[in-house]
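Subject: Structure for your files

Hello,

Here is the structure I said I would pass on. My notes on it follow below.

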Amino acid sequence: MSQNNLNSYESPFCTRYASKEMQYIFSADKKFTTWRKLWVALARAEHELGLNVTAEQVAELEAHVNDIDYEAAAAEERRRRHDVMSHVYAYGLVCPNAKGIIHLGATSCYVGDNTDVIITRDALNLVRGKLVRVIANLAKFAETWKSLPCLAYTHCQPAQLTTVGKRATLWMNELIMDLQEIDTRIERLQLLGSKGTTGTQASFMELFHGDGAKVRELERKIAVEMGFAPDAVVPVSGQTYSRKVDAMVLNALSGIAQSAMKFANDLRLLQSFKEMEEPFEKDQIGSSAMAYKRNPMRSERICALARYLITDCLNPAFTAGTQWFERTLDDSANKRIAVAEGFLAADAILNIMMNVTGGMVVYPAVIRQRVMNELPFMATENVIMDAVERGGDRQELHEHIRQHSMAAGAQVKEKGLQNDLCARIIADPIFGTTEEELNAKLDPSNYIGRSAEQVEEFLAECVKPILDGADLAEDVELTV
């Protein structure tokens, strides 16, 4: 990372889509001020537990958390080739009285790994808030359109009917699964604590003259000062926290990407059918050559970023599997990129989803036209059931319907004629139905089952508990 741009993470995702908040979480300022806060917490706990660390030294460290001399640290790192010791040196320059007790008993992973956990916690909380906002947008959409019949698809072929709102509950349901996984990751997140070079806490046992109770209390005090529960510290470790933590976190982010891609692909297809659209500004240009086009650019971008994130989750998985014994350093370079980029991608995806779900446009007339083009085919199941009630043979009736459906479909596809399936059914005495009876079956609302009720139940039972008391972020304004 360039030392001239310390306030935001440099990434292709950041140009327009990753928020300043997420960029800051992975910035140098966030990282290195957290290192210093951890050194303050360590010194304070050691003072309170009776080591030769004074209150004045702790206060001096605390007073200089934010005034980091990056140039001094960089110069020292070029000389020493060690990032932690270069920052110990830079901290000591502004804390001369506390210089001798900075990092007392600790190893590099005390600041490095604990900071990574803190950053992960803050990033997960930011992701969580945006995920809830997307769910809120979709909940409003589903309520509005819960009763509007539309074509449902299997194999991307028209099947029976659903409603526009019911389809939105499918998107929400997967996002709620992702939210539950994010909550699990937040709930189970634990600091590394102060475990020492191989996880045995030998250096702290030496400092506290074999008093294991004080060594354990040291970790509890540090955890509380850094905003964790006193017992939110890994029970055992090597030098680092298990890299499976990163793998599980990135898997949770990958889940969001999967749900987002499903939503965005559905919307892209619906936009090609002209049933729905993502937001499209008055002066927006869809194509430099084809002025009439209204391309689903934002949904396409969601899919592009989602592919990246889904792939990125492999990085921490391989890292977790290749840690030798108590630790090896081949995790570091990969981890610093993969975790940060994963969160930035998730943040970018959710920012775009917040924008899209807050402004989706529905075209009921087009939806109804497409429904009515297919409804005669869908009514055939009811025609068969009615005929069976009158004593007909289900298998024979099915064969007649199949033949009439294929013939009517061929007329539409090959000759461009209207769908005459209803006329064929009326003319076939095996069904014993009249035009009036059959027309009564062609009301789309007769074919949506419990869609509207399912929407209402889902919103009340699954979504409302999530949204009650939620602090919803503002909509994201995009420049494209």
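Gly 359 sits in the loop that runs between helix H13 (332-357) and strand S4 (361-362). Before going further, please keep in mind that this is a predicted model. Gly 359 has a relative accessibility of 25%, so this glycine counts as partly exposed. Which residues does Gly 359 contact, leaving aside its neighbours within four places in sequence? They are Glu 277, Glu 278 and Pro 279.

**The protein as a whole**

The protein contains 18 helices and four strands. Its radius of gyration is 31 Å, whereas the globule rule gives 23 Å for 480 residues, so the protein is more spread out than a compact globule. Taken along the principal axes, the box filled by the C-alpha atoms is roughly 100 × 50 × 40 Å.

Of the 480 residues, 51% count as buried. The accessible surface comes to about 23500 Å², and carbon and sulfur atoms account for 52% of that surface. If you take the contacts between residues at least 6 apart in sequence, 77% of them join residues at least 24 apart. As for charge, there are 52 positive and 66 negative side chains, and the centres of the two sets lie 3 Å apart.

Strand S1 covers residues 149-154 and strand S2 covers residues 157-163. The two pair in the antiparallel sense, over five bridges. Within this pairing, Cys 150 is opposite Thr 162 in S2, and Leu 151 is opposite Leu 161 in S2.

How many residues lie between the two strands of the hairpin? There are two. One of the turn residues is His 155, with a positive phi of about 60°. Cys 156 is also placed in the loop between S1 and S2. Phi of Cys 156 is positive too, at about 60°, although this residue is not a glycine. The relative accessible area of Cys 156 is 45%, which lies between the limits of 20% and 50%, and Cys 156 is therefore partly exposed.

Gln 160 belongs to strand S2. Its relative accessible area is 45%, so Gln 160 is partly exposed. Not counting residues up to four places away in sequence, Gln 160 touches Leu 151, Ala 152, Met 378 and Glu 381. A further distance from this residue goes to Ile 401, which is 241 residues away along the chain: the two C-alpha atoms are separated by 16 Å.

Asp 113 is found in helix H6, which spans residues 108-144. Is this aspartate buried or exposed? Its relative accessibility is 4%, and because buried means under 20%, Asp 113 counts as buried. Apart from neighbours within four places in sequence, Asp 113 is in contact with Leu 192, Thr 240, Tyr 241 and Arg 243.

Gln 201 lies in the loop between helix H7 (164-188) and helix H8 (202-207). Its phi is near 65°, a positive value in a residue other than glycine. At a relative accessible area of 15%, Gln 201 is buried.

Arg 307 has its place in helix H11, residues 297-312. With a relative accessible area of 52%, Arg 307 is exposed. Arg 307 and Gly 409 are 102 residues apart in sequence, and their C-alpha atoms are 37 Å apart in space.

Regards

Technical notes:
Residues are numbered from 1 along each chain as its sequence is written. This is a predicted model: local features need pLDDT of at least 70, side-chain atom pairs count only at pLDDT 80 or more; totals for chains, interfaces and linings use all residues. Side-chain values use heavy atoms; hydrogens and water are left out. Two strands pair if DSSP finds at least two bridges between them. The radius of gyration is taken over C-alpha atoms; the globule rule is 2.2 Å times the number of residues to the power 0.38. Buried means under 20% relative accessible area, exposed over 50%, partly exposed in between (1.4 Å probe, protein chains only). Contact means heavy atoms within 4.5 Å. Accessible areas come from the Shrake-Rupley method with a 1.4 Å probe; for residues, only the protein chains shown count as cover. Lys and Arg count as positive and Asp and Glu as negative; His and the chain ends are not counted. The place of a charge is taken as NZ of Lys, CZ of Arg, CG of Asp or CD of Glu.
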